[in-house]
Amino acid sequence: MLELDSISTRYGVVNMLNKVSLTVPKGSIVCLLGPNGAGKTTTFKAIAGLLPVYTGSIRIMGKELSRMRTEDLAGLGVGFVPEGRRLFPELTVQENLQIGYDALRPKESFTTALERVVTLFPRVGERIAQTAGTLSGGEQAMVALGRVLMGNPQLVVMDEPTLGLSPKLIEEYFETVQRIHANGITVLLIEQNAEAALSIAHTGYLLLKGQLVASGTAQELLNNDVVKHLYL
């Protein structure tokens, strides 16, 4: 469903990613781990088509990313949850969700999509008329994920979705990720919280200074000496 084949990226003359390869099979939860500055958000931007790669290739749903515009990804059924939520604070929760619906252009009606999201996130339904800027961090995280789910995507790529959340809210968030996965959505989870991410992932990769240094099943990574040293 998603394949990065030896991609390298630059910011100006500075190399950020060096021959990074990873695969996200259909029906899986895959996590990409790494400390601050490892290149996780750079990887997210490359997948979203926001940052060009100068070597290697990215294939999404069997299509070469270099031949598509960023907005074409929505039509393929790909949704992105960026770091920091990126909600429109002056718009209501419903208006933020409407943006997600319009971007992904699903076949179901807006009402049906909205009902599905508020069933998954009852608190979003309770805050539907509030402006997004008045919500708590946990509520904003729900709306950011709900906005993507409004388009009924096949693949969701998340960049540090639990950043700033309390341990209890992190646990609730990952339970929700498991629920959407059970409904047929493939997930690439880009995270710094290794233990929580590996508790729900099937496989994972560890990124350090722009290079992959470890990969394997979730259990293999939990037992990996480098992962233990960095996180556990």
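Reader: What makes the space of the largest pocket a pocket, and how much space lies in it?

Author: About 620 Å³ of space lies in the largest pocket, where a volume is the space filled by probe spheres set on grid points that are joined across faces, edges and corners. It is called a pocket because, on a 1 Å grid over the protein atoms alone, it is an open set of points with protein on both sides within 12 Å along at least five of seven lines, whereas a cavity is a set where a 1.4 Å probe fits but cannot get out; lining residues have an atom within 4 Å of a point. This is a predicted model, in which local features need pLDDT of at least 70 and side-chain atom pairs count only at pLDDT 80 or more, while totals for chains, interfaces and linings use all residues. Residues are numbered from 1 along each chain as its sequence is written, and side-chain values use heavy atoms, with hydrogens and water left out.

Reader: Which residues lie nearest the centre of the largest pocket, and which elements give residues to its lining?

Author: The lining holds 23 residues, and Phe44, Gly79, Phe80, Pro82 and Arg147 lie nearest the centre. Two or more lining residues come from each of α1 (40-47), α2 (72-76), β6 (78-81), α3 (93-104) and α6 (137-149), these elements being DSSP runs numbered from the N terminus, with at least four residues of H or I for a helix and at least two of E for a strand. The most is given by α3, with four residues.

Reader: How does the lining of the largest pocket divide by class?

Author: It has 13 nonpolar, four polar and six charged residues, where Ala, Val, Leu, Ile, Met, Phe, Trp, Tyr, Cys and Pro count as nonpolar, Asp, Glu, Lys and Arg as charged, and the others, Gly among them, as polar.

Reader: How many cavities of 30 Å³ or more does the structure hold, and which residues line the largest one?

Author: There is one cavity of 30 Å³ or more, and about 40 Å³ of space lies in the largest cavity. Its lining consists of Val81, Pro82, Glu83, Gly84, Arg85, Ala141, Ala144, Glu160, Pro161 and Tyr173, which divide into six nonpolar, one polar and three charged residues.

Reader: Why is glutamate 160, one of those lining residues, called buried?

Author: Glutamate 160 has 5% relative accessibility and therefore counts as buried, since buried means under 20% relative accessible area, exposed over 50%, and partly exposed in between, with a 1.4 Å probe and protein chains only. Glutamate 160 sits in the loop between β7 (155-159) and α7 (167-182), and its phi is near 50°, a positive value in a residue other than glycine. From glutamate 160 to asparagine 193, 33 residues away in sequence, the C-alpha to C-alpha distance is 8.5 Å.

Reader: What makes methionine 61 partly exposed?

Author: The relative accessibility of methionine 61 is 23%, so methionine 61 counts as partly exposed. Methionine 61 lies in the loop between β4 (55-60) and β5 (63-64), and has a phi near 55°, again a positive value in a residue other than glycine.

Reader: How do you know that α1 is mostly covered?

Author: Six of the eight residues of α1 are buried, namely Lys40, Thr42, Thr43, Phe44, Ala46 and Ile47. Just after α1, glycine 49 takes a positive phi of about 80°.

Reader: Why are α6 and α7 described as roughly parallel?

Author: They pack at an angle of about 15°, with their axes 11 Å apart, the axes being lines fitted to C-alpha atoms, for helices over the stretch in contact, and the angles running from 0 to 180 degrees between N-to-C directions. Angles under 35 degrees count as roughly parallel, over 145 as roughly antiparallel, 65 to 115 as roughly perpendicular and the rest as oblique, and α6 and α7 are therefore roughly parallel to each other.
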